[in-house]
Amino acid sequence: MTKEDYKKLVKKHTPKEPKLRNIVVAFFVGGLIGFFGEFIIFMLQESFGMSKVIAATWTCLIIIGTASVLTAFGFFDNWVNKCKCGLIIPTTGFAHSVTGSALDYKKDGLITGLGANIFKLAGSVILYGVISAFILVIVRVVIGV
Amino acid sequence: MSSKKYKNVYLDDYFTIVGPLEKESHLKKYNLTMDDYYYKEKTFEQAEVKMQSDVVNNLKKNNSLNDSDIDLLVGGDLTNQIAVSSYNAKNYNIPFLGVYSACATFPEELILASNFVDCSGFKKVITVVSSHNLTAEKQFRYPVEYGAPRPHTSTFTTTGAIATLVGRKESKIKIESSTIGVAIDMDISDANHMGAVMAPAAASTLLRHLTDLKRDASYYDLILTGDLGCVGGKIFQDYLETNYGVHLKNYLDAGCELFLDSQETYAGGSGPACLPLVLFCKILTNKKYKKILIIGTGALHSTTFVNQKMSIPAIAHAVSLEVE
């Protein structure tokens, strides 16, 4: 049997992932987090008289903080698989990836463990986030918006 | 010929420990259980070392053995540099061989032990094998708490450790023969689909075993592969039938036999501890089968090579057991 034939045989037996269901679940869970974010922004603006930009920054911090605490309680461990990427794509996922790595490596030393591994997953997000922000700024300057 | 028949090699005794999820599974009659993944140690890695030393110490105690009575300790696990086995081995004054072939480690250890007993006049050899879900996740996948979404082909690393005593003293389990497999790569690089990676290796070793010893698959009451998983098991059977024209009637897969459906492990259990746990704590407790062929299957998976877009090679080793 050639390797190509074998791949066909494997495909025949591999269960199909319920992609549509996963997308719908992720859409609603992600949307729900976004809805909460908007609600917090609204509350901060109303209660503390913050400007929208300042309120959005605080909201980001609140969501990141909450997600990190939830990681420590093992919330994501059980829920990510159920909520699919709905929990991972928003800022909750970013915070969770950092705290998740930190928890894993905290016993391997502050420098060699925690320090070296804390951005194991989030490192890519930071690097490519910064690069794309840089490119977008250039685009913005060139277009002159 | 990579198959060998043994004259009088027996699996005298064994001792098992199972993890928190495994004790709620299909397994019965295990010796020790763990309440949590730390097992009263500071880290998961140290917990796995303690699991290994607990099973070895208890096996020694149950058989009233001192270090000097044992000619060889063979150990294996999934961590880098098989460090768990080494840190366990340093507790004893017993000559030590560390082995790695992922989830085919258990049969590889039995083959080594049996050969030393049969050919080199060793009297007693202890083999120990372990896997720990969270050390393995950390080693091969994401950080433990991350809980990334898993596809339905993925398996769940079994937490457990097993020590066996191999020697010449007649017992209920005879190690009758064995076959060493070849490493096979069918160009599958999906680390979440290990069943597809390992099925051709299992088929190759089975065929090699049957051809070398001039046997038919029906010679065995049970052919037990270790840990192709539920999906991999189907691929294995189909591959055997289409490629070699062999139809298996008496076939089970250890990975698929371990967990309950409600435990949501998807394609089943995996890890070096999976095959021996299912063998000792499920198959042998049934007392239904006399001639059993165990085929341990290991995906020789390295995250470095997979990141470099290389496919995953696989290995399978077979050991034939005759149970009274």
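1. Start with one helix pair in chain A. Ser101(A), Ala102(A) and Tyr105(A) of helix 5 of chain A meet Gly113(A), Leu114(A) and Asn117(A) of helix 6 of chain A. Two residues are in contact if their C-beta atoms, placed from the backbone, lie within 7 Å. By class, the residues of this contact are three nonpolar, three polar and no charged. Ala, Val, Leu, Ile, Met, Phe, Trp, Tyr, Cys and Pro count as nonpolar; Asp, Glu, Lys and Arg count as charged; the others, Gly among them, count as polar.

2. A word on the source. This is a predicted model, in which local features need pLDDT of at least 70 and side-chain atom pairs count only at pLDDT 80 or more, while totals for chains, interfaces and linings use all residues. Residues are numbered from 1 along each chain as its sequence is written, and chains are lettered from A and ligands numbered from 1 in the order in which they are written.

3. Back to the pair. Two packed helices are described by the angle between their axes and the distance between the axes. The axes of helix 5 of chain A and helix 6 (residues 110-117) of chain A come within 8 Å and cross at roughly 160°. Axes are lines fitted to C-alpha atoms, for helices over the stretch in contact, and angles run from 0 to 180 degrees between N-to-C directions. Helix 5 of chain A and helix 6 of chain A are therefore roughly antiparallel. Angles under 35 degrees count as roughly parallel, over 145 as roughly antiparallel, 65 to 115 as roughly perpendicular and the rest as oblique. The crossing of helix 5 of chain A with helix 6 of chain A is right-handed. A crossing is left-handed if the near helix is turned anticlockwise from the far one by less than a right angle, and right-handed if clockwise.

4. Helix 5 of chain A has another partner. Helix 3 (residues 52-72) of chain A packs against helix 5 of chain A at about 45°, with the axes 8 Å apart. The two helices are therefore oblique to each other. Their crossing is right-handed. Helix 3 of chain A brings residues including Cys60(A), Ile63(A) and Ile64(A), and helix 5 of chain A brings residues including Thr91(A), Thr92(A) and Ala95(A). The contact has six nonpolar, seven polar and no charged residues.

5. Now chain A as a whole. Its secondary structure comes to seven helices and zero strands. Helices (H or I, at least four residues) and strands (E, at least two) are DSSP runs, numbered from the N terminus. The C-alpha atoms of chain A fill a box of roughly 70 × 45 × 35 Å along the principal axes. Chain A has a radius of gyration of 20 Å, but a compact globule of 145 residues would have one near 15 Å. The radius of gyration is taken over C-alpha atoms, and the globule rule is 2.2 Å times the number of residues to the power 0.38.

6. Chain B has nine helices and 14 strands. Its C-alpha trace spans about 50 × 45 × 35 Å along its principal axes. With 324 residues, a compact globule would have a radius of gyration near 20 Å, and the 18 Å of chain B agrees.

7. In chain B, 50 residues of domain 1 are in contact with 56 residues of domain 2. On the domain 1 side, helix 3 of chain B gives the largest share, seven residues. That side divides into 25 nonpolar, 17 polar and eight charged residues.

8. One helix pair in chain B deserves a look. The axes of helix 5 (residues 194-212) of chain B and helix 6 (residues 229-244) of chain B come within 8 Å and cross at roughly 45°. These two helices are therefore oblique to each other. Their crossing is right-handed. The contact includes Met194(B) and Leu207(B) of helix 5 of chain B, and Phe236(B) and Tyr239(B) of helix 6 of chain B. Its residues are 14 nonpolar, four polar and no charged.

9. Last, the chains together. 25 residues of chain A are in contact with 27 residues of chain B. On the chain A side, helix 1 (3-13), helix 4 (75-83) and helix 5 (91-105) of chain A are the elements that give two or more residues. That side has 10 nonpolar, eight polar and seven charged residues.
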